[in-house]
Amino acid sequence: KLTSVDEFEAATARLLETGAKVGADSWQLRVKNQSPHCKFGETGVCCRICAMGPCRITPKAPRGICGCDVHGIVGRNYLKFTAGGAATHSDHGREICHTLYLSAEDGNYKVKDPEKLKRIAKEWGVETEGKDIYDLAHEMAELALLEYGKPFGTQRWLKRAPQTTQDIWDREGIAPRAIDREVSTSLHMTHMGCSSKPEALIRQSLRAGLADGWGGSMCGTEFSDVLFGTPKPIDTEANLGVMNAENVNIIVHGHDPSLSEMICEYADDPEMIAYAKSFGAKGITVSGVCCTSNEVAMRRGIPMAGNFLQQENVVLTGACEAIVVDVQCIFPALGPLSKCFHTKFITTSPIAQMPDSEFIEFHAENAGENAKAIVKLACENFVNRNKDLVYIPDMKQKATVGYSVEAIVKVLDGVTNSQVDETGTTKPLIECITSGVIRGAVAMVGCNNPKIRPDHAHIELMKKLIANDIVVIASGCAAQAAAKAGLMDKQSKDLCGAGLKRVCELADIPPVLHMGSCVDISRMMILAATLAKDSGLKISQLPVVGCAPEWMSEKAVSIGNYVVATGIDTFLGVDPYVSGSSEVAELLTNGVREWVEAAYTVEKDIDKLVDSMIDRIEEKRAAIGI
Ligand code: BF8
Ligand code: SF4
């Protein structure tokens, strides 16, 4: 039985009562204070990129002081938004490359998947024969780091795309060059007195997005797999009930697995467990929030406490000894909130420093030492709990996660009729799609956003899609929404149409496949590329669409741009601040289709949103005659 959003909300209401007792603030209260939102900001028509402004466009004032019209302003804002996201994902990828560079046989970080490293080395034309695996790791890390600033050429990873896609990128002049260059060029273009032509700004938005998805994010995913292991199916649990009132609870939150992997490693150490017991706890429970949670769930089966808008809830349980964070999507609210409880709020990255936190800087050289110190601190904090405040909602679901592309190809072998078909390809999936057993696939990604009833859109859309024999691949907070509801439990096959149900049974998979964190949307790009190559179709011809119904971050806009630029129609439930310009809105929802064979649809009504995705999938099927 699925857990409903009503039940999520009842649990949250109960936690907010605890919050009220201790005088805690919450996002639910702050949303009220911020409403209604500024109309100029919301429609994207406010410009403050130079000190002659801010200029706001109205019917009476149709141009800024420099003469820029509304389309230029909205387009620039959109490009800046994208650049922020591309920089963030890509910098995360860069950190992973640095970690790989510092990996060593006797160091804090080791190479857990040497075969994958060798595979990538071959792909990049690097000799592997007779090389020490760490020498190879360092060589590859350096090459990857050069992708960020190389003076000439385009991204190495682009070669993974089908030739037809690469040709489109070349034809349209959007093949990304050095990753940092695309971010810098975007910021150059949006400087006062540079681009104000929507076509140029949107074209660069696609290019900067591609530098993320087929550049920085791909580095993040691929080299995380090399360092920490390529995910394979693994059982775990999701929702706040994974926290354990009798144990020391450590929450890992953020994005970079370099931190969370180390914390998990030490929390599992018998010496540390004994230490926790010495303070009266029965053990240590590590659970995750946001993409960090996805990373450690996919590789270690660490349970998922919740997604983006549940991050305050983990502290409100009164049973959180430490919430340890690195970068991105961390509410600064956690500082003051943790002060209302015994919780230690520990920041670890110079990139994300926050008031009211304890800063314990984390880097490859001191990772082991500091992880141990953090786990110890959490154990020692157990005795400071106020037992009267402890309430952990009794709510959790089973989930099977860990569907990297490698793992998907492997499970597909189970669907293969072993006498005739080859193994190790996506062909069984293509056959299922061609025969109509599965109608298509939707990539459900992105965040929570208070503008949309949290998790409701994710869950309702996924339910309807699987009932219509459309397989769902999910990442980020969308994936956690599915897991919390129970949609990643293999039993949820019973909610599918007959065709998808049969496939789930044959392959022994849930109908919603967890593909990882948001940087791991690069996995989805590889999957789409493989499907296209194995079927002989163009990516834009596949009955596949992307959807971010509850998105909120700059990263999500960057993702949307690379998914569209890869030829996959993308459906959004929240407008990316472009409604103020008819020209920019028209380009994104229609015009870009002429360039990259895909475009955006923005639809706030989730019933219409899901129907339009199903229609699009059926249109794509009809167009290729299946
Ligand atoms: O990168 S889905 S709220 S956690 S931005 Fe953030 Fe959005 Fe969650 Fe991960 Ni992605
Ligand atoms: Fe105003 Fe132009 Fe300056 Fe923007 S760049 S703030 S529109 S004067």
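Which residue follows α20, and is its phi positive or negative? The residue after α20 is Asp 508, and its phi is positive, near 55°. The model is a predicted one.

**Helix α20**

Helix α20 spans residues 498-507. Its buried residues are Gly 499, Leu 500, Val 503, Cys 504 and Ala 507. They lie on the same side of α20, because they cover an arc of only 135° around the axis. An α-helix has 3.6 residues a turn, so residues three or four places apart point the same way. The other side of α20 holds Ala 498 and Leu 506, which are exposed.

What covers the buried residues?

**Helices α5 and α6**

Helix α5 takes in residues 114-123, and helix α6 takes in residues 133-146. Their axes come within 11 Å. They cross at roughly 50°. That angle makes α5 oblique to α6. The crossing of α5 past α6 is left-handed.

Which residues make the contact? From α5 come Pro 114, Leu 117, Lys 118, Ile 120 and Ala 121. From α6 come Ile 133, Leu 136, Ala 137 and Met 140.

Pro 114 sits in helix α5. Is Pro 114 buried, exposed or partly exposed? Its relative accessibility is 29%, so Pro 114 counts as partly exposed. Pro 114 and Ile 473 are 359 residues apart along the chain. Their C-alpha atoms are separated by 27 Å.

Thr 18 belongs to helix α1, which covers residues 5-21. Thr 18 has a relative accessible area of 3% and is buried. What does Thr 18 touch beyond its neighbours within four places in sequence? Thr 18 is in contact with Leu 316, Phe 341 and Leu 389.

Methods. Residues are numbered from 1 along each chain as its sequence is written. Chains are lettered from A and ligands numbered from 1 in the order in which they are written. This is a predicted model: local features need pLDDT of at least 70, side-chain atom pairs count only at pLDDT 80 or more; totals for chains, interfaces and linings use all residues. Side-chain values use heavy atoms; hydrogens and water are left out. Axes are lines fitted to C-alpha atoms, for helices over the stretch in contact, and angles run from 0 to 180 degrees between N-to-C directions. Helices (H or I, at least four residues) and strands (E, at least two) are DSSP runs, numbered from the N terminus. Angles under 35 degrees count as roughly parallel, over 145 as roughly antiparallel, 65 to 115 as roughly perpendicular and the rest as oblique. A crossing is left-handed if the near helix is turned anticlockwise from the far one by less than a right angle, and right-handed if clockwise. Contact means heavy atoms within 4.5 Å. Buried means under 20% relative accessible area, exposed over 50%, partly exposed in between (1.4 Å probe, protein chains only). The arc is that of the directions from the helix axis to the C-beta atoms.
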